[in-house]
Amino acid sequence: MSKINKDAIKDSIPNAIPEHTKNLKINTRIIITSVLAIVIPLIIITLALTFYITNATSALDVSSSSNNFSLINQLQWNQVINRFAQNIADSKSEEQIAESLKASAADIEEIGALVYIEKNGQAIYETDGKDDIKDTAAKITDYEKTRNSYYFSDEGSVIVSHAQAHDGEYLILIACEDYNVPDITADNAEKSIVGSFTLKTIIVLIAVVLIFVIAIIIFSLITSKTIVGPIEKITRGANEIANGNLDYEIDYSSTNELGQLADSFNEMRIRVKQSIEKQNKADQHSKEVMAGIAHDLRTPLTSVKGYLEGLRDGIADTPEKRERYLETIYSSTCSMEKMLNDLLTVSKLELGSITLDCEEVLISDFMAYADEVGKGLEKVDFDYEIIDNSKDNPKLYIDTDRFTRVIDNIISNSIKYKRPEAKGKIILSVSEYEHSVIFELADNGMGVDSESLPKIFDTLYRADKARSNVSDGNGLGLSVCKQIVELHGGMIWAQNNSMGGLSIFISLPKTEN
């Protein structure tokens, strides 16, 4: 027997697998494979055995012209006797018994068999009404009426059997003179027949085993291709990710368990990549913050150092100069202190170590504070306008000290970055919506270019073209505003306005009544 080429079978299997079966769950796939591996061979074996038995029985039917003895003949005669016994048991009267026996005996009577059946010693059926059937049987062999027996010889055959029914005991006697036995001993004949059956049985069993083996190999390879293949893809992808290749995507799409695992790996790859990119940005931002701090501290420190040297070297030789030098030193020192305080505040806010002391505040209460802001702006020659678009005097839940600092920082920026050629102006607008209140602080200052606009709330960021003067600000004010507003559950953003300046928007959630 030639060796089965597994590789050839394995390579041909993927082309035979429908695309839609990719979504089958592994458990379902294994169950289907196991069932098919059993059912398909059983169907093939059943068809083969049916064909074999049909041909064997058709060649050995008792109604055929051959009356030679064989073991199969004896099996057929057993069926005839059983049929007679069943007719007797199923019939309810002697007339029904006679009719059913006549129909059952027709086949064997065609080959010359004589049938005699009696009940409790009284004949109830005889072939063609012959009354010498018992004598004919006695001529062939001496038989005993009380014992079941089968006799086959050159003189003929005699079969004696008994059947039990509800109304008594029946004797079944079959005699056939037209019957012969091959010219070999009955013992050798049986051995020959048994040997033939044994050989055929072995062939059938070998065929059964081969069918099962081939079926199991084929279905195992199908299962291997549909399960092991995707696992190899996922393993290869996992190794690529482990080696740092975060651009490698596992190319397997399915809704089954393996597809979900592949999707999880791909999602993990994307998240790891995003996390690394975020960390890199954070590291870069930290470097920029450090550089910004060093830059911003250097300027006032240089100023302090220069004026101190002037005092030490006697350059400030008049009381007026000394007072001016000391005032400049004090101002620079205050500037450094403010920057360090703002930086400390930002750090605490980012670390979450600052908690809010919130209370319920009505917009009408906020408007009283807004009026006070206007008085301060008048002192620096700024026009100021308040627009209240709220309808129902909504209520906010805020930390008033922290929120006041947000407003002050924004207004301070507007004052610092006013246009030199125009009088400064600030408009404070309050608008009420279904679930929020939005504050807008608009100025007519220098504005911010579109590239820098999204970044002005970053720590130590200053738009180079519009607001890069270190002495005017340290880039921490708006970062503090952003952290405080978000701590309140709100949002803050900026955009250039129609006055040519900058508008800062703050959205805070309303407190439901």
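The paragraphs below lead through this structure, from the whole chain to single residues.

This is a predicted model, in which local features need pLDDT of at least 70 and side-chain atom pairs count only at pLDDT 80 or more, while totals for chains, interfaces and linings use all residues. Residues are numbered from 1 along each chain as its sequence is written, and side-chain values use heavy atoms, with hydrogens and water left out.

The protein chain has 12 helices and 12 strands, where helices (H or I, at least four residues) and strands (E, at least two) are DSSP runs numbered from the N terminus. Of its 513 residues, 36% count as buried; buried means under 20% relative accessible area, exposed means over 50%, and partly exposed lies in between, with a 1.4 Å probe and protein chains only. The accessible surface of the protein chain comes to about 30400 Å², and 53% of it belongs to carbon and sulfur atoms; such areas come from the Shrake-Rupley method with a 1.4 Å probe, and for residues only the protein chains shown count as cover. Among contacts (heavy atoms within 4.5 Å) between residues at least 6 apart in sequence, 64% join residues at least 24 apart.

A single residue can show what such contacts look like. Ser 161 is placed in strand 4, which covers residues 156–165, and with a relative accessible area of 10% Ser 161 is buried. If residues up to four places away in sequence are not counted, Ser 161 touches Ile 81, Asn 148, Tyr 170, Leu 171 and Ile 172.

We turn next to charged side chains. Side chains of opposite charge can pair when their charged atoms come close. The structure holds 11 salt bridges, each being a side-chain nitrogen of Lys or Arg within 4 Å of a carboxyl oxygen of Asp or Glu. One of them joins Arg 271 to Glu 267, with the closest N and O atoms 3.0 Å apart. Arg 271 counts as exposed at 55% relative accessibility, whereas Glu 267, at 37%, is partly exposed. Another salt bridge links Arg 312 with Asp 313, where the closest N and O atoms are 3.3 Å apart; Arg 312 is exposed at 64% relative accessibility, and Asp 313 is exposed with a relative accessible area of 51%.

What does the salt bridge between Asp 381 and Lys 423 tie together? The closest N and O atoms of this pair are 3.6 Å apart. Asp 381 lies in the loop between helix 9 (363–379) and strand 7 (382–389), and Lys 423 lies in the loop between helix 10 (400–416) and strand 9 (424–432), so the pair ties together parts that are 42 residues apart in sequence. Both partners are partly exposed, Asp 381 with a relative accessible area of 48% and Lys 423 with 42%. Asp 381, Asp 383 and Lys 423 are linked in a network of salt bridges. Asp 381 also has a positive phi of about 60° although it is not a glycine. Asn 393, likewise not a glycine, has a positive phi of about 50°; Asn 393 lies in the loop between strand 7 and strand 8 (395–398) and counts as partly exposed at 33% relative accessibility.

A pair of aromatic rings is described by the distance of the centres and the angle of the planes. The structure holds six aromatic pairs, counted where rings of Phe, Tyr and Trp (its six-membered ring) have centres within 6.5 Å; planes under 30 degrees apart count as stacked, over 60 as edge-to-face and the rest as tilted. Phe 366 and Tyr 369 form a tilted pair, at 5.8 Å centre to centre and with 55° between the planes. Both lie in helix 9, three residues apart, which is about one turn of the helix, and Phe 366 is buried with a relative accessible area of 8%. Phe 366 and Tyr 369 form one aromatic cluster with Phe 403 and Phe 439.

Last come the cysteines. A disulfide is a covalent bond between the sulfur atoms of two cysteines. With a disulfide taken as a pair of cysteine sulfur atoms within 2.5 Å, the count comes to zero. Cys 176 is buried at 0% relative accessibility, whereas Cys 358 counts as partly exposed at 22%.
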